[in-house]
Amino acid sequence: MQEVLEAFPGAQRALFRRYHIGGCSSCAFQPLETLEQVCQRNNNLDVTEVLAHIQTSHEQDAKIFISPQELSDLLAKDKSVRLVDVRSREEYEAVHIPDSVLLSQDVMRQIMGEGTNTRPLVVIDHQGRQSLDAAAYFMGHGLQTVRCLRGGIDAWSQEVDANVRRYKLD
């Protein structure tokens, strides 16, 4: 599974969404297990079908990403774009993209209660790895124009705004 997750970072989300595998302790899998082993102990699922689903989900995930330069261009054209940062409060307070908001319960309620599902929303994380989970949540609740910043704030600082400091997580 470790190799599957490295090749397809959203594989766990895809497995959980369709087969309820890997989302909790009762259906978890170990990194050293093979996909075949996981399929066998989950109702003998067809490995080829499961792998095809993971690949399709990976392709769909790729379409959600927006490059830092594309986001910069979009922000210049459309002032209604909402930037939602899903990093920790400490990370956000240390450095963030101007006009972004830190995701909180209040922000979540505001987004969901706004009454529009077409206002562009871009989810930001550190390096573009965790934002897909938040995007999937918003999309699952009917928002239609949700994107994730490819490479996260780290790529933004390298490709668009060098004034946004880079950092590493331990």
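**Helix packing and cores in a predicted model**

The axes of helix α2 (residues 11-19) and helix α4 (residues 47-64) approach within 9 Å and cross at roughly 120°. This angle makes α2 oblique to α4, and the crossing of the two helices is right-handed. On the α2 side, the contact is made by Ala11, Arg13, Ala14, Leu15, Arg17, Arg18 and Tyr19. On the α4 side, Glu49, Val50, His53, Ile54, Ser57 and Asp61 take part. By class, the residues of the contact of α2 with α4 comprise six nonpolar, two polar and five charged. The structure described here is a predicted model.

The chain as a whole contains nine helices and five strands. Read along the sequence, these elements follow the pattern α-α-α-α-β-α-β-α-β-α-β-α-β-α. Taken along the principal axes, the C-alpha atoms fill a box of roughly 50 × 40 × 25 Å. The chain has 170 residues, of which 39% count as buried. Among the contacts with a separation of 6 or more, 65% are accounted for by residues 24 or more positions apart.

Two packed helices are described by the angle between their axes and the distance between the axes. The axes of α5 and α9 come within 9 Å and cross at roughly 80°, and the two helices are therefore roughly perpendicular to each other. Helix α5 contributes Pro68, Gln69, Leu71, Ser72 and Leu75 to the contact, while helix α9 contributes Ala155, Trp156 and Glu159. The contact of α5 with α9 has five nonpolar, two polar and one charged residues.

The buried residues of α9 are Gly152, Ile153, Asp154, Ala155, Trp156 and Ser157.

In soluble globular proteins, nonpolar side chains tend to be buried together. In this model, the largest nonpolar core has 14 residues, and those that touch the most other members are Ile111, Leu121, Val123, Phe138 and Val146. Two or more residues of this core come from each of α7 (105-113), β4 (121-124), α8 (131-140) and β5 (146-149). Helix α8 gives the most, with four residues. The surroundings of Val123 can be listed in detail. Apart from its neighbours within four places in sequence, Val123 is in contact with Val84, Val86, Ser131, Ala134, Ala135, Phe138, Val146, Arg147, Cys148 and Leu149. A second, separate core has 13 residues, among them Val4, Ala11, Tyr19 and Phe29. Ala11 and Tyr19 also belong to the α2 side of the contact with α4.

Most residues other than glycine have a negative phi, and most peptide bonds are trans. His20 is not a glycine, yet has a positive phi of about 55°. His20 lies in the loop between α2 and α3 (35-40). With a relative accessible area of 44%, His20 is partly exposed. Asp99, another residue other than glycine, has a positive phi near 75°. Asp99 is located in the loop between α6 (89-94) and β3 (100-102). Its relative accessibility is 75%, so Asp99 counts as exposed.

Glu36 is found in helix α3 and is partly exposed, with a relative accessible area of 47%. The C-alpha atom of Glu36 is separated by 13 Å from that of Gln2, and the two residues are 34 residues apart along the chain. Thr48 belongs to helix α4. At 62% relative accessibility, Thr48 counts as exposed, because the cut-off for an exposed residue is over 50%. Thr48 and Leu35 are 13 residues apart along the chain, and their C-alpha atoms are separated by 9.8 Å.

Terms used
Residues numbered from 1 in each chain as written. Predicted model: local features only at pLDDT ≥ 70, side-chain atom pairs only at ≥ 80, totals over all residues. Heavy atoms only, no water. Axes fitted to C-alpha atoms, helices over the stretch in contact; angles between N-to-C directions. Parallel < 35°, antiparallel > 145°, perpendicular 65-115°, else oblique. Left-handed = near helix turned anticlockwise from the far one by under 90°. Contact = heavy atoms within 4.5 Å. Nonpolar A, V, L, I, M, F, W, Y, C, P; charged D, E, K, R; others polar. Core = buried A, V, L, I, M, F, W, Y, C linked by side-chain atoms within 4.5 Å. Buried < 20%, exposed > 50% of the residue type's maximum accessible area, 1.4 Å probe, protein only.
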